[in-house]
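Here are my notes on this model. Please read them with the structure open.

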Amino acid sequence: MHLLAVDDESINLMIIEESLSEKGFTIVKAKDGEEALAILNQGDHSFYAIILDRLMPKMDGIELLRKIKRSEKWRDIPVIFQTAMSGISDMTEGLDSGAFYYLTKPYSRAVLVTIVQTAVEHYIKLIKAKEDLHKGMGALRHLTKGEFRIKTIRESHELAPLLANACPDPERVLTGIMEILNNAIEHGNLGITYQEKTELHNNDKLMEEIFNRLELPEYKDKFVQVLFDKDGEKITIVIKDQGKGFDWQKYLSLQAMTKNAFKTHGRGIFMARKLSFDDLTYLDNGATAVITILMNQETSDLLTDFQE
């Protein structure tokens, strides 16, 4: 798998290459944003993640990040920002521009490897889900009401493209729907806490733990109920798990987003509301997610501009 590393300091590129080549990644290097853009335009490689320095000559990291996110070809590739700038305004600018993760210099090689592996796993799942979007699901645009029940992550990944295809802009909402469904299973029904997920992620044992808990008597009969409703103005998707709920408000705030910017997870709900939906809120102490997607895209764009 190819990764693109962009940094004007050769020592940083060497550290990135040494750390990640041992894990089977092939590193393509660029010394600034202009060279990176030229490499992307050549199209010789399919990149699974981009590691991007913020401060560079010619074209800085923010400018390159915005160009990447405006491109249909590259916008889904996860971009990992590495920077010595850790102020709230700096992080907010990067997150608003589409950065998936932050690495603050200096960082350990172990953290670099963990975050890159997490980003690549996310991208691979997204590629698979987008492939499913185009498998004869066009008729789902006519779906007006539906009820679904799922138990596993696999079923979540099967249902997400179906629900997305019933929406005006399937690719926009797909990742957000996947995030909320996975959250309902992992944290809601299976009771995996934030700290537990951090430790499982770091030890590459998250999926193993999910499979194990799905077989336990206290979890095996739990399901996530999904209600879909479309009227002339909006689509409402209600996702209800059978857990105890969680303090959802802190995960939807900008403060929480910047707090979790340097961690391998904890930003999904915030990013889903910002990038995928017109609104996302929770009921029942966090056990029920309510997603709103406006049918009129012009109205949706105006609403997003107003909120920002």
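1. Basis. This is a predicted model: local features need pLDDT of at least 70, side-chain atom pairs count only at pLDDT 80 or more, and totals for chains, interfaces and linings use all residues. Residues are numbered from 1 along each chain as its sequence is written, and side-chain values use heavy atoms, with hydrogens and water left out.

2. Sheet order. An open sheet holds 5 strands in the order β6-β7-β8-β10-β9, paired antiparallel. Strands are DSSP runs (E, at least two residues), numbered from the N terminus. Two of them pair if DSSP finds at least two bridges between them.

3. Edges and twist. β6 (145-150) and β9 (279-283) stand at the edges; each has a single partner strand, so one side of each lacks a neighbour in the sheet. From one strand to the next, the twist averages 15°. Axes here are lines fitted to C-alpha atoms, with angles from 0 to 180 degrees between N-to-C directions.

4. A strand pair. β7 (residues 224-230) and β8 (residues 234-240) run antiparallel, joined by 6 bridges. D229 has T236 in β8 as its bridge partner.

5. Aromatic pairs. The whole structure has 4. Rings of Phe, Tyr and Trp (its six-membered ring) pair if their centres lie within 6.5 Å; planes under 30 degrees apart count as stacked, over 60 as edge-to-face, the rest as tilted. F100 and Y101 have ring centres 6.2 Å apart and planes at 70°, so the pair is edge-to-face. F246, W248 and Y282 are linked into a cluster by ring pairs.

6. F100 is partly exposed, at 23% relative accessible area. Y101 is buried, at 5%. Buried means under 20%, exposed over 50%, partly exposed in between (1.4 Å probe, protein chains only).

Methods:
Helices (H or I, at least four residues) and strands (E, at least two) are DSSP runs, numbered from the N terminus.
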